[in-house]
Amino acid sequence: MSDMSHPPALSVAGDPVSEGVMTSVDPPTDGKGRQVVGRSPGQLAWMRLRRDRTAMISAGTLIAAMLLALAAPLVEALTGIDPTDKFADRLNSFGMPIGYAGGITGEHWLGLEPGTGRDILMQLVYGLRTSLFIAFASAVLASAVGVGVGIVAGYARGWLDGLINWFIDVTLAFPFLIFALAVIPILEDRFYSAREAPPPSFRIALIVATFGLFSWTYTARLVRGQVISLREREFVDAARAAGAGTGHILLRQLLPNIWAPILVTVSLNVPQFIAIEAALAFVNIGVTEPTPDLGRMIYNSIGYVATDPYYTLFPGLTIFLLVLAFNLFGDALRDSLDPRSNR
């Protein structure tokens, strides 16, 4: 006789509950029935940056300048003009370009340099390459040193933090531009005698090293402050409780959470280095001949401002647009990564 006190459970074919299949939860929707999609902080920052018209125009200008600098050999092949070629037959007896607006022709779109007869367009394209390389290399080096020092100082306590802060204060006490004026000639004389001229690559490497090794203090202080605010957070305590070492906490826990201010610092350091590198040319310790350089073009054009203002206009306008575009893009990047900063 069957037991009727517990009737058998009924199962319906295709019923996910009765068959033990878990159902997925429908994604949330807004009031109009549209699906709400979650976005990461990086995606939200990109959306804010893309809506900023000034940022997009600045980014377009910078991308165009970088592509032109990278395509310098292609421009040389298309024009058939080397940046060191001299067209002395296009200069008059006073060394001034023959023709309109500094010798502008269908062959020389921006004219010729007074005295040397070199093509200004090719000097400008290759000079853009030199200036951008020095600025980016210096910014990366300064940021790497600043991040390394800052993250250790922020995580450390006691005497180590105090020692690093003292070293940062001592470095800040040196006027950077005056120090660059002193250290570059001294190091150059240390490796090369007065009878032998150093190669242009050595001067470029010396400028990058000077910029990078003595411009890291602002990044270090910024990173130190960010790490101090994060080192007592729950995710760091959880990593310590799980047995994570100091290297793991610094590189895998803290560093990914401070990339936004580091990125903004790099974007603001680049225009600063472009302007400083151009300023060094005025005291003759910038990039040496025959390497094209925007700062040296302006320096060489000083004596021709009255007779050939276009020689000064083109490199000066290029540096102005580069610095302005980088500064505007850096400000927009900071606002997009931290919307509260513009309140």
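Good morning. A salt bridge is a side-chain nitrogen of Lys or Arg within 4 Å of a carboxyl oxygen of Asp or Glu. With that term in hand, I shall describe the structure before you, which is a predicted model.

Let me begin with the salt bridges. The whole structure contains twelve of them. Several residues take part in a network of such bridges: Glu113, Arg118, Glu289 and Arg296 are linked in this way.

The peptide bond that runs from Glu289 to Pro290 is cis, and its omega is near 0°. Pro290 itself is found in the loop between α11 and α12. For context, most peptide bonds are trans, and most residues other than glycine have a negative phi.

Ala101 belongs to the loop between α3 and α4. Is Ala101 buried or exposed? Its relative accessible area is 10%, and because buried means under 20%, Ala101 is buried.

Consider next the pair formed by Glu188 and Arg203, where the closest N and O atoms are 2.6 Å apart. Which elements does this pair connect? Glu188 is in helix α6 and Arg203 in helix α7, so the bridge ties together parts that are 15 residues apart in sequence. Glu188 counts as buried at 12% relative accessibility, and Arg203 is buried at 6%.

A further bridge joins the side chains of Arg231 and Glu232, at 3.9 Å from N to O. Here Arg231 is buried, with a relative accessible area of 14%, whereas Glu232 is partly exposed, at 46%.

I turn now to helix α8, which covers residues 217–230. Its 14 residues, at 1.5 Å a residue, should span 20 Å, and the end C-alpha atoms are 20 Å apart, which agrees. The buried residues of α8 are Thr217, Thr219, Ala220, Val223, Val227 and Leu230. Why can we place them on the same side of the helix? They cover an arc of only 150° around the axis, and that puts them on the same side of α8. These buried residues pack against several helices, namely α4, α5, α9, α10 and α11.

Finally, let us look at the nonpolar cores. The largest has 57 residues, and those with the most contacts inside it are Phe211, Ile274 and Leu322. Among the elements that give two or more residues to this core are α2, α7, α11 and α13. Which element provides the largest share? That element is α4, with twelve residues.

Leaving aside its neighbours within four places in sequence, Leu322 is in contact with Leu62, Ala65, Leu128, Leu132, Ile274 and Leu294. There is also a second, separate core of 13 residues, which includes Val147, Tyr155, Val236 and Ile249.

Thank you for your attention.

Key:
Residues are numbered from 1 along each chain as its sequence is written. This is a predicted model: local features need pLDDT of at least 70, side-chain atom pairs count only at pLDDT 80 or more; totals for chains, interfaces and linings use all residues. Side-chain values use heavy atoms; hydrogens and water are left out. A nonpolar core is a set of buried Ala, Val, Leu, Ile, Met, Phe, Trp, Tyr and Cys residues joined through side-chain atoms within 4.5 Å. Buried means under 20% relative accessible area, exposed over 50%, partly exposed in between (1.4 Å probe, protein chains only). Helices (H or I, at least four residues) and strands (E, at least two) are DSSP runs, numbered from the N terminus. Contact means heavy atoms within 4.5 Å. The expected span of a helix is 1.5 Å times one less than its number of residues. The arc is that of the directions from the helix axis to the C-beta atoms.
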